[in-house]
Amino acid sequence: MKPTFPHMGTIGVLGEAILRRFGREVILPPKTSKRTLTLGSRYSPEFACLPLKVTLGNLIEALERGADTIVMLAAGGPCRFGYYATLQNLILKNLDYEYELITLDYDMLNNLRKLKRLAQGQNWFQIGEAFRFGFLKLLTLEKMERSAHRIRPYEIKKGSTTKAYDEASRIIRRTFSFRELRWAKREAISLLKKIPQDKTRNPLKVGVVGETYTVLEPYVNLEVERKLGEMGCEVHRPVWATEYMISMLPIFSRWGPRRKYRKAAQPYLKEEPGGECIVSIGGTILYAKRGFDGIVHIAPFTCLPEIVAQGILSKVRKDLGIPILTLVLDEHTAQAGLITRLEAFVDLLQRKQARQKMKGKQG
Amino acid sequence: MAIRVGIPRALLYYRFYPLWKTFFTELGAEVIVSEPTTQEIFRKGLKKFIGDTCLPMKLVFGHVITLADKVDYLFIPRLVSIEKDTYLCPHFAGLPDVLRAIMPDLPPILDTYFNVRKKGVTMRSIYEAGKRFDKNPRRIYLAYQKAQEVYKKFLERIRDGITPQEAIQAFDGEEVPPVKERKERLNIALVGNPYTVYDPFSSLNIIQKLRKLEARIYTSEMIPDETIEEGIRALSKRIYWTFGKETVGAAFHYLDSKEIDGLIYIISFECGPDSLLKEIVDDKARKNKKVAYMSLVIDEHTGETGIDTRLDAFVEMIKRRRRSKKMEGEKNGK
Ligand code: SF4
Ligand code: SF4
């Protein structure tokens, strides 16, 4: 059995780590590319949301590389995500691919049975350790990402942070035991520490909110975080793979990491419409209260929960006076247009910052 | 003066209007429904809506705007789910909040919360919906019971073979010719979200057009829930959207039954659930050679003439199939 699964930002690291510790030979789809997108869009329903198309492209490329088992999450609803696996299965079968589909659903007992099978006879302790390792690895990676976001606006040589982060991430991704991970972490931290920085700068603070997949997958969001960073913004975001995975577990749906967003969004949105809607709104409000300069809200074209969020954010913007830029992405989104819009937005924020400083001096 | 409650002629109006109207009227309120959709209403909604979305959501904005200065309350329930183990699409849960955020000057919204996914309709939701009109829980409950009775009759009428649109007309006291007296030669199943199919503006009058072509219309509301569930049993994961489930369940049922000559699936452009489910219905219909199938993806730019041409071609195809079947039959008979 050679399992694979679609990319989803850093979440794949978790899946790979776990399956590798189960002793499986994982076949990862090649890095998401133009070809992935073309393949995915060709065989997907025209109006399906972007994540479905890209992940379908991932699966096709992985099957081409010899994967014979697809592992996917199929929990979800009310949004479309919960139905991805079923639909992609239909499409792939019609394309005559042969493979086995293993979906992890809300039925926990059944999930455990499937896990046991994937783990080829390892005992529950070993399975638990595999998960613990996967999560730790993912957390470490996210920590590096957070540092990179913080350092980028101060970097003296443009691109040096991204280069260092890519190297750090490569070192971490290579590890498959706790010990290796500990060493890799040390090395990665020192790499990021070595980036020459100009600490006299006063960067803008920008929050990036939106639908999970598009926020987490740099290829799909055209590296919006990196671009913002290199334009001189310190980027923060409320969506992280680890938190996302945790909030998928039913026991944490009320109390998990999303609680603070739900609370912040309460005056605007009483019920959770699903997806990241509540996090987009709650995150924006929390960032605004912390004095952020602006928010970039990203969503795939026709994304249901984010359209709801967009409507409500229009009010939040007025009430809290925070500039919000909404970027709606699809397979035709072009680099050039996106850069122009980001630059205009950052420009606006800079002028606003300068004005406020003037006022501060006068007062 | 009675308190005026506004119900937009959009979305779940096409499913629950008789229930809602009876409930509020029983409690002494006056129910005001917005006018049938027009280009004007659509444009009003389009201007206000923020972001890009499906036609039905733009339409409900338009209807709400036209109602706003005529009523004391707007009834826009916060619907997470309207039946067991299924959801509505995420738009419904957020709708009252989005309306309020974009148009702060609206009359107060009765945004009763319904999430019957696990527990069914709760007394609390019912009380919540009625408490502005009568503080007495018993009377509210009685009004609800009455509304349920009326609603059951409404559903029965549809099961007898008239479309929900006609059943609503009948509920409002209009004449609807009984099915038996009609001259109908084609049998066509029409599936899709009720608020797209039964709003003549959204569906470009398709029902009237089909009637003119002497078609008998079959809809998902005409078959019992069990049949719908039966229809989608073959899918590896149960469809968890109410209307998606009904659409696909009905489509599968009709495709497998011998009742119909053709199946039409109406979709509004940019509908989230339907964008995926269309693929599933298309797939099944492609493998079925006996029933003619057509899907219509509709948005505000779709013209009536385009639909007319496609319908004509569709009916022509059905007739041709019938002729050839008959010929085959005769040949075999000899
Ligand atoms: S959240 Fe948006 S992108 Fe994700 S499944 Fe739903 S509509 Fe698609
Ligand atoms: S189900 Fe489709 S048509 Fe209905 S509100 Fe949702 S997206 Fe719009």
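What follows looks at the interface, then at the cysteines.

A quick word on ground rules: this is a predicted model, with local features needing pLDDT of at least 70, side-chain atom pairs counting only at pLDDT 80 or more, and totals for chains, interfaces and linings using all residues. Residues are numbered from 1 along each chain as its sequence is written, chains are lettered from A and ligands numbered from 1 in the order written, and side-chain values use heavy atoms, leaving out hydrogens and water.

On the chain B side, 42 residues are in contact with 36 residues of chain A (contact means heavy atoms within 4.5 Å). Together the two chains bury about 3,200 Å², with 68% of that on carbon and sulfur atoms; buried area here is the accessible area (1.4 Å probe) that two parts lose on being put together, summed over both. In chain B, the residues losing the most area to chain A are Pro90(B), Lys237(B) and Leu276(B), together 20% of what that side buries.

As for charges, there are two salt bridges between chain B and chain A, a salt bridge being a side-chain nitrogen of Lys or Arg within 4 Å of a carboxyl oxygen of Asp or Glu. Lys270(A) forms one with Asp111(B), their closest N and O atoms 3.6 Å apart.

Now the cysteines: a search of the whole structure turns up zero disulfides over all chains (pairs of cysteine sulfur atoms within 2.5 Å). Cys49(A) counts as buried because its relative accessibility is 7%, where buried means under 20% relative accessible area (1.4 Å probe, protein chains only). Cys89(B), at 12%, counts as buried too.

Technical notes:
Buried means under 20% relative accessible area, exposed over 50%, partly exposed in between (1.4 Å probe, protein chains only).
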